[in-house]
Amino acid sequence: IYVGRKTTFRLLNKKWVAVYADKEQGREALLPVEEKNATLILTRASNWQVERLAGVIRRQRPDLQVLVLTGQVLTRLRQILTRFRAAAQGVVPPEAYGKGTSPSSAMLGLFVLMQFCKTVSVYGVGGPYTTWELHTRNQSSEVETETSPLLA
């Protein structure tokens, strides 16, 4: 029975780009166990960090693909979140959003993957100060239907 295809994307923010490029932590510990043919999506890293990690990957793991998100993606997501907050005024308490206006790296990755994946499963996101858990988003989900008018 054919059940579809799994594609592994790993989002690496500036901190994790540095960790993956580091000899002890990344090159010797993380890169060797990274899933075969995975795609690493780099965000918020400087050009030299991206080049450094891309060079390491070319030498050690040529099966991995590297994609880099530009600042334009972050800008677009920031605009969408601002519009959502404005539309949700009175429905969602303002303290639920926190004080920042910049989307998290996790939100950025989810936003990008939702543009071209039918189903996105998210796990292992965040730290002790976040409410992210295991979530799966399908193209036809009720959540999308309920929030879409707010984002339009």
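**Notes on the sheet and its helices**

1. Arg-10 has Leu-40 of β2 as its bridge partner. Strand β2 spans residues 39–42 and runs parallel to β1, to which 4 bridges join it. Two strands count as paired if DSSP finds at least two bridges between them. Helices (H or I, at least four residues) and strands (E, at least two) are DSSP runs, numbered from the N terminus.

2. This is a predicted model, in which local features need pLDDT of at least 70 and side-chain atom pairs count only at pLDDT 80 or more, while totals for chains, interfaces and linings use all residues. Residues are numbered from 1 along each chain as its sequence is written, and side-chain values use heavy atoms, with hydrogens and water left out.

3. The open sheet has 3 strands in the order β1-β2-β3, with parallel pairing. β1 (9–12) and β3 (65–68) are the edge strands, each with a single partner, so one side of each lacks a neighbour in the sheet.

4. Helix α4 (residues 71–87) packs with helix α5 (residues 105–116) at about 95°, the axes being 10 Å apart. Axes are lines fitted to C-alpha atoms, for helices over the stretch in contact, and angles run from 0 to 180 degrees between N-to-C directions. The two helices are therefore roughly perpendicular (65 to 115 degrees).

5. Residues in this contact (heavy atoms within 4.5 Å) include Ile-80 and Leu-81 of α4 and Phe-111 and Val-112 of α5.

6. α5 also lies across β1 and β2, at about 145° to β1.

Methods:
Parallel < 35°, antiparallel > 145°, perpendicular 65-115°, else oblique.
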